[in-house]
Amino acid sequence: MLGGSSADPNASLQEPGPSKKRKLLEAVADTTQKVAKIHPFFSKPSEKKAEGSFQWLKSLGSTGSCLYGVNLKPKASTKVAALDLDGTIIKSEFGNKTEKGKPPTWTWWRSFIPEKLKELHDAGYAIVLVSNQGIKSAALTTWKDKVPLIGQALSEVPFRIFAATGKDQYRKPMPGMWFEIERLFMEEGVHIDKSASFFVGDAAGRQYPKAKGDFSSTDRKWAQNIGLTFFTPEEYFLKLPPHENYSLPGFRAFALPDLPLVTPSSSPIVPLIRKQEVVLFVGYPCLGKSTFFRRYFQPVEYLQINQDTLKTRDKCVKALQEALKAEQSCVIDNTNRNAVTRKYYLDACKANNVTVRCFVFTGSIELAWHNNLYRAFNMPPSVAAKEPERMLLPYGAFTGFRDNYEEPELSEGFSEIKKVNWVFEGTEEEKKRWSMWLQIDGK
């Protein structure tokens with residue numbers, strides 16, 4: 001998908017690729033924005049141990065996976081200047097190792113970065129650094145030691161820093177770090193004005209005709225999720241024109257087609273003339289099977305047989321046999337991925353002369369994984385509080401279904417097969433959160 005930045009609506013030039021021409025433009029822009037005199041700590045990173053201007057506070061989240069620290073005493077503001085760290089404020093040093101016994105090393109992305117941050121602070125912006133740091137424990141310890149040194153070099157710039165260390169709701173583009181920012185600001189009685197705020201990051205999905213593009217697009221997606229104006233470092237600090245050629249790969253929840261909930265619609269979901277039956281669900285986890293049961297079958301007293309609750313297939317089959325003997329209609333609310341699995345239930349129904357209908361929940365593995373992330377990490381708190389706690393299912397649960405799936409057929413013994421399409425049903429707040437870019441790299 002191609003799109004553009006709104007950094008300069010009047011700009012018509014396209015940022016050149018990482019060529020000699022681009023380096024020349026950046027060098028000129030860098031030179032023109034330097035001031036005549038710069039304090040020594042602005043031009044070179046300090047190698048002294050931090051002396052207390054920065055402090056790490058209690059980590060955020062139920063598992064403490066989001067690191068949180070402050071430099072000086074930052075105050076909340078309606079205007080937020082959010083910035084990525086590596087590749088935006090300081091140069092990315094991925095793979096570089098610090099010699100044992102020596103303080104961590106780092107370099108400003110451009111020499112004028114401290115001055116620009118000071119200008120933002122003086123203009124009334126709250127400066128917030130947001131960073132993904134899903135690295136090994138030893139490297140994370142070194143990184144944590146580096147941040148106070150950056151704080152010491154920014155001795156006149158109060159800021160907050162948030163760092164996502166796990167694969168959860170805090171890892172960009174997941175919006176968890178922003179929700180924590182909003183919460184902390186609200187505790188100071190400040191509501192953030194998104195229209196007056198912005199985010200700068202280098203993971204922008206930029207593509208170049210003859211050179212390697214950005215390693216990721218998570219920063220641009222994070223800004224879109226939140227509703228912030230987005231700039232790359234080149235656009236914001238160097239005033240280069242917007243880079244229009246970028247790609248945002250991944251599942252687009254907001255691009256799903258509008259489909260009827262159930263097809264065919266010639267027969268009702270629940271028979272008008274009631275008699276004992278069994279309904280067997282088929283489909284990926286997280287495609288709304290249990291919700292569908294609660295909405296349509298629970299009110300008419302169908303029994304739910306679910307392996308998440310009963311733990312084993314044998315117990316599910318036993319529960320079905322008991323329901324059949326009691327002349328109880330029921331729903332087999334499992335993934336039921338292939339004919340062999342379904343046969344256990346169909347054979348029991350055939351032995352008791354009870355008809356079986358099949359409901360196939362359509363939807364791709366990408367949609368199912370997206371729903372998994374939504375219900376585990378991104379539901380509105382008011383909604384999540386009313387739902388049973390949902391843990392993130394491993395990606396293997398989805399690939400296992402995909403690799404072993406067999407399309408149900410009437411010849412297996414079904415009296416009817418219906419398809420249930422994914423239709424999001426919820427409030428505008430719920431739909432807004434569900435429609436975000438939800439991804440965790442590496443799954």
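I began with helix H10 (residues 313-325), which lies across strands E9 (278-282), E10 and E11 and runs at about 160° to E10. For the labels I rely on DSSP runs numbered from the N terminus: helices are H or I of at least four residues, strands E of at least two. Angles run from 0 to 180 degrees between N-to-C directions, with axes as lines fitted to C-alpha atoms, for helices over the stretch in contact; contact means heavy atoms within 4.5 Å.

A note on the source: this is a predicted model, where local features need pLDDT of at least 70, side-chain atom pairs count only at pLDDT 80 or more, and totals for chains, interfaces and linings use all residues. Residues are numbered from 1 along each chain as its sequence is written, and side-chain values use heavy atoms, with hydrogens and water left out.

Next I checked helix H11 (residues 339-351): it lies across E9, E11 and strand E12 (356-361), at about 170° to E9.

Then the sheet. I read six strands in an open sheet with mixed pairing, in the order E8-E13-E12-E9-E11-E10. At its edges I found E8 (262-263) and E10 (303-305), each pairing on one side only; strands pair if DSSP finds at least two bridges between them. E10 joins E11 (residues 330-332) in the parallel sense over three bridges, and Gln304 stands opposite Val331 in E11.

Last, is helix H6 (residues 218-226) mostly covered or mostly open? Mostly covered: eight of its nine residues are buried (under 20% relative accessible area, 1.4 Å probe, protein chains only). Trp222 and Ile226 are among them. Strand E4 (126-132) and helix H5 (176-187) are included in the cover. Just after H6, I noted Gly227 with a positive phi of about 95°.

Technical notes: Buried < 20%, exposed > 50% of the residue type's maximum accessible area, 1.4 Å probe, protein only.
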